[in-house]
Amino acid sequence: MTKILIIYTGGTIGMMTDPKTKVLKPINFEQIMDNVPELERLNCQIEVRSFDHIIDSSNMNPEIWSELAGIIEKYYDRVDGFVVLHGSDTMAFTSSALSFMLENLAKPVIFTGSQLPISAIRTDAKENLMTAIEITSSIKDGRAQVPEVGIYFDYKLFRGNRAFKYNSSKFEAFRSPNYPVLVESGVHLKFSENYIRKPIDAPFKVHKNLSNDVAVLKLYPGISAKVVRTILEADVRAIVMETFGAGNTTTDAWFIDMLKNAIDGGKVILDISQCKVGTVELGRYETSKQLKDMGVANGYDMTYEAAITKTMHVLGLENDPHKVARMLEQDLRGELTWY
């Protein structure tokens, strides 16, 4: 019988409407279990670890990610996999962060939650929770079938650092347009084995040192020099720049000069596209050739969530901006595709 640790952080899945105020408030995991008696029929041994203070996912931060990684590190040799109950709003950030923090992961770490509380009549919570546990406990030839960080929502399991929340009102809350679904749930679980990461024979290692010295520069037509200067001169070590199309920016001299000055001053600039589908191709167009020549790092097809958390992770590992830029362009945990 497989052993699964459920880590309860909070989120809509563990909310209940206060009969007096009609406001959603968190409940404990025992109350969640009361709403899903079917859990006792699953062929696995379930242990639960709840955060001391249940949180709304909007309050998620790197310190909590480190706490979560520490729990996984503590229980790693005791259980066969982990299910993390988490609010959907920042789930893609947390799953991305954990994918980088958990090096040489050989066991499932599956995030799930819901759009409706588990006590609601039409809730999606029960299916999400039960199937996430079933996927986590799935073993083939003595090995976990999904030995990586994932997000399970609405009958699909996505790679955790490839997904993003796109809808706040549908049960189908997440998408992963640049990478295939890992598992589909129907009458049977359909595992896409060719797309699931294979664990390497190396010791499991947890990285808890994250640096939030990151700013975001999102471009738009007509952005002013004052706005760009404020962001580029901020007291941070790295900037995630959301550009147009395949990584393109304005070629106005003032803009290019500001970027070059920031890089010459020791800042790292990572180029990701505002488009949800496709990849950055630095140098393909004249509007991005100068970026490549000055040393802007190529984010390829990374999601915004993966770009932010990967930058935090790499800054926690390296001080040299040139090494940071090179690591950001490398595929560390299946978060990007080279074309």
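**Figure 1. The structure, a predicted model, holds 1 cavity of 30 Å³ or more.** A cavity is a set of points on a 1 Å grid, laid over the protein atoms alone, where a 1.4 Å probe fits but cannot get out. The space in the largest cavity comes to about 150 Å³, a volume being the space filled by probe spheres set on grid points joined across faces, edges and corners. It is lined by 17 residues, and Ser 273, Cys 275, Lys 276, Met 302 and Thr 303 are the closest to its centre; lining residues have an atom within 4 Å of a point. Strand β19 (268-273) and helix α8 (304-317) are the elements that give two or more residues to this lining. Helices (H or I, at least four residues) and strands (E, at least two) are DSSP runs, numbered from the N terminus. The lining has 7 nonpolar, 5 polar and 5 charged residues. Ala, Val, Leu, Ile, Met, Phe, Trp, Tyr, Cys and Pro count as nonpolar, Asp, Glu, Lys and Arg as charged, and the others, Gly among them, as polar.

**Figure 2. The largest pocket has a volume of about 440 Å³.** A pocket is an open set of points with protein on both sides within 12 Å along at least five of seven lines. Of its 20 lining residues, Arg 143, Ala 144, Gln 145, Pro 147 and Pro 199 lie nearest the centre. Two or more residues of the lining come from each of β8 (139-140) and β9 (143-144). By class, 8 lining residues are nonpolar, 3 polar and 9 charged.

**Figure 3. Glu 73 forms a salt bridge with Lys 208.** A salt bridge is a side-chain nitrogen of Lys or Arg within 4 Å of a carboxyl oxygen of Asp or Glu. The closest N and O atoms of this pair are 2.9 Å apart. Glu 73 belongs to helix α2 (residues 62-75) and Lys 208 to the loop between β16 (205-206) and β17 (214-218), so the pair ties together parts 135 residues apart in sequence.

**Figure 4. Lys 260 forms a salt bridge with Asp 264.** Their closest N and O atoms are 3.0 Å apart. The two residues are 4 apart in helix α6 (residues 253-264), which means a separation of about one helical turn.

**Notes.** Residues are numbered from 1 along each chain as its sequence is written, and side-chain values use heavy atoms, leaving out hydrogens and water. In this predicted model, local features need pLDDT of at least 70 and side-chain atom pairs count only at pLDDT 80 or more, while totals for chains, interfaces and linings use all residues.
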